[in-house]
Amino acid sequence: MATPDLLFNLRNLFYLGAYQAAINNSDVPGLDADAAAERDAIVFRSYIALGSYQLVISEIDSSAATSLQAVKLLALYLTGDKEGAISSLKEWLSDSAIGSNPVLRLIAGIIFMHEQDYNEALKHTHSGGTLDLHALNVQIFIKMHRSDYAEKQLKIMQQIDEDHTLTQLANAWLDIAVGGSKIHEAYLIFQDFAEKYPMTGMVLNGKAVCCMHMGSFEEAETLLLEALNKDAKDPETLANLIVCNLHLGKSSSRFLSQLKLSHPDHVLVKNSASSEANFERALQAVA
């Protein structure tokens, strides 16, 4: 008889972006040592997603499991200690005793994806082994505009567990990347999540992006404003609202100002700054 998966609900909360709910529901009884370490990694990654980097750094000490040390590296990287985090990461990955740890490889993939060094990321994630690693591969290949490779990774995930939340999410990401008639399929996946689980900013943004692709900008705006009520600083919500308002002919300057303040490194902020600089240069040339 199969043993029940005690972390099923906790994982789903994390995957769908219900980070505070994951933290609040993390006291799961009856876990063995491996499951407890996985639970702790999910909780600390939830704190990272909420921006509580220092809490993670101070809570995980040098005696913690490799998976938790890896999560701590991600927190260090996101606080701005990029060189130190990448240096430690490379050292650990080359250590035969811990280098193959799936969480360490996952964190390596996430950090190198942040660095936009996709080949280095794939070096550590490509062999897969867990649904998390295959899902990250899907994201990396989409960033590289290689939906053909992303689809191969998705097929592996579907063979492992077609109904798994991560498999469904990866399917939706790929559908959006491919576009066309696939957008409606992605919308249905997010709609299914919305009916089964607590509504999160991630699910609302997923539905809104699909709506925008289908030309339903009013519906997208409603969904995004609901997401903004849940988290007023979420960069994806703000970025999507900027795009949505441009299509609706509304001012998006307030959302752009918020994005500049809370996430100055966001691609939309950088694009906006370079556009403004180009505009200023053009004006000076005319003058």
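This is a predicted model: local features need pLDDT of at least 70, side-chain atom pairs count only at pLDDT 80 or more; totals for chains, interfaces and linings use all residues.
Buried area is the accessible area that two parts lose on being put together, summed over both.

The domain assignment divides the protein chain into domain 1 (1-126), domain 2 (128-178) and domain 3 (180-286). Between domain 2 and domain 3, the contact involves 8 residues from domain 2 and 13 residues from domain 3. The C-alpha centres of these two domains, domain 2 and domain 3, are 23 Å apart.

The size of an interface is often given as the accessible area lost when the parts come together. For domain 2 and domain 3, the buried area is about 870 Å², and carbon and sulfur atoms give 76% of it. On the side of domain 2, the residues that lose the most area to domain 3 are Leu-169, Asp-175 and Ile-176, which together account for 58% of what that side buries. The residues of domain 2 that touch domain 3 comprise 4 nonpolar, 3 polar and 1 charged. Between domain 2 and domain 3 the count of salt bridges is 0. Likewise, 0 residue pairs in polar contact are found across the interface of domain 2 and domain 3, where both residues must have pLDDT 80 or more.

A residue counts as buried when its relative accessible area is under 20%. The buried residues of H1 are Leu-10, Arg-11, Asn-12, Leu-13, Phe-14 and Tyr-15. Against which helices do the buried residues of H1 pack? The partners are helix H2 (19-24), helix H3 (33-49), helix H9 (131-143), helix H11 (165-178) and helix H13 (201-213). Just after H1 comes Gly-17, which takes a positive phi of about 85 degrees.

His-164 lies in the loop between helix H10 (147-161) and H11. Is His-164 buried or exposed? With a relative accessible area of 18%, His-164 is buried, because buried means under 20%. Apart from its neighbours within four places in sequence, His-164 is in contact with Tyr-15 and Leu-131. Tyr-15 is one of the buried residues of H1 already listed. The side chain of His-164 also reaches the backbone nitrogen of Leu-166, at 3.0 Å.

Key: Residues are numbered from 1 along each chain as its sequence is written. Side-chain values use heavy atoms; hydrogens and water are left out. Domain bounds come from an automatic or database domain assignment. Contact means heavy atoms within 4.5 Å. Buried area is the accessible area (1.4 Å probe) that two parts lose on being put together, summed over both. A salt bridge is a side-chain nitrogen of Lys or Arg within 4 Å of a carboxyl oxygen of Asp or Glu. A polar contact is a pair of N or O atoms within 3.5 Å; within protein, one must be able to donate a hydrogen and the other to accept it, and residues adjacent in sequence count only if both atoms are side-chain atoms. Ala, Val, Leu, Ile, Met, Phe, Trp, Tyr, Cys and Pro count as nonpolar, Asp, Glu, Lys and Arg as charged, and the others, Gly among them, as polar. Buried means under 20% relative accessible area, exposed over 50%, partly exposed in between (1.4 Å probe, protein chains only). Helices (H or I, at least four residues) and strands (E, at least two) are DSSP runs, numbered from the N terminus.
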